[in-house]
Amino acid sequence: VLWSSYSYPVCDVCHKAFPDKYNTISRTRAKADYLLKDEDLDLRRPILRYISKKNPHNPRYGDMKLYLEIQVRERAMELHGSAEELQ
């Protein structure tokens with residue numbers, strides 16, 4: 001599942017065994033929690049893949065972009081250097 005959606009190499013057994021490790025995160029939360037900019041998510045190579053889902057808060061809003069949190073965390077560490085720098 002994660003490979004087809006996010007190109008992240010993990011087997012379905014591991015994904016089901018450790019569901020907290022492979023959470024999804026919205027674009028807004030990724031930018032706020034990990035201090036990322038739009039270009040960090042959209043333009044920096046490799047580009048992070050996402051899935052789109054209807055916004056549960058209001059169907060008139062645009063679709064939500066859900067990223068794999070472990071990939072967002074890796075990108076933040078790549079940019080900021082360490083968890084201490086991110087804090």
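Read along the sequence, the protein chain runs α-α-β-α-α-β-β-α-α. That comes to 6 helices and 3 strands, where helices (H or I, at least four residues) and strands (E, at least two) are DSSP runs numbered from the N terminus. This is a predicted model, in which local features need pLDDT of at least 70 and side-chain atom pairs count only at pLDDT 80 or more, while totals for chains, interfaces and linings use all residues. Residues are numbered from 1 along each chain as its sequence is written, and side-chain values use heavy atoms, with hydrogens and water left out.

Now the overall figures. The C-alpha atoms of the protein chain fill a box of roughly 35 × 35 × 20 Å, taken along the principal axes. Of the 87 residues, 28% are buried; buried means under 20% relative accessible area, exposed means over 50%, and partly exposed is in between, with a 1.4 Å probe and protein chains only. The accessible surface is about 6200 Å², and 52% of that belongs to carbon and sulfur atoms. These areas come from the Shrake-Rupley method with a 1.4 Å probe, and for residues only the protein chains shown count as cover.

Among contacts in the protein chain with a separation of 6 or more, 59% are between residues 24 or more positions apart. Contact here means heavy atoms within 4.5 Å.

On charge, there are 15 positive and 13 negative charges, and their mean positions are 7 Å apart. Lys and Arg count as positive, Asp and Glu as negative, and His and the chain ends are not counted. The place of a charge is NZ of Lys, CZ of Arg, CG of Asp or CD of Glu.

Next, helix H5, residues 69–80.

Which residues of H5 are buried? They are Glu 69, Ile 70, Gln 71, Val 72, Arg 75 and Ala 76. As background, an α-helix has 3.6 residues a turn, so residues three or four places apart point the same way. The buried residues of H5 pack against several elements, among them helix H1 (2–6), strand S1 (24–26), helix H3 (27–34) and helix H4 (38–42). Strand S3 and helix H6 (83–86) are also on that list. Just after H5 comes Gly 81, with a positive phi of about 95 degrees.

Asp 40 is buried, at a relative accessible area of 6%. Leaving aside neighbours within four places in sequence, Asp 40 is in contact with Arg 75 and Leu 79. By contrast, the C-alpha atoms of Asp 40 and Asn 58 are separated by 27 Å, though these residues are 18 apart along the chain.

In helix H3 there is Ala 32, which is exposed, with a relative accessible area of 52%. Ala 32 and Ala 76 are 44 residues apart in sequence and 11 Å apart in space, C-alpha to C-alpha.

Then the aromatic rings. How many aromatic pairs does a search of the whole structure find? The search finds 2. One of them is Tyr 50 with Tyr 67, a tilted pair with 5.5 Å centre to centre and 55 degrees between the planes. Tyr 50 is in strand S2 (residues 50–53) and Tyr 67 in strand S3 (residues 64–68), so the pair ties together parts 17 residues apart in sequence. For the terms, rings of Phe, Tyr and Trp (its six-membered ring) pair if their centres lie within 6.5 Å; planes under 30 degrees apart are stacked, over 60 edge-to-face, and the rest tilted. Tyr 50 is partly exposed, at 35% relative accessible area, whereas Tyr 67 is buried, at 1%.

Last, the loops. Between H4 and S2 lies Pro 46, joined to Arg 45 by a cis peptide bond with omega of about -10 degrees. Leu 43 lies in the loop between H4 and S2 and is exposed, at 61%.

Ser 7, in the loop between H1 and helix H2 (12–17), has a positive phi near 55 degrees and is partly exposed, at 32%. Leu 35, in the loop between H3 and H4, has a positive phi near 55 degrees and is partly exposed, at 46%.
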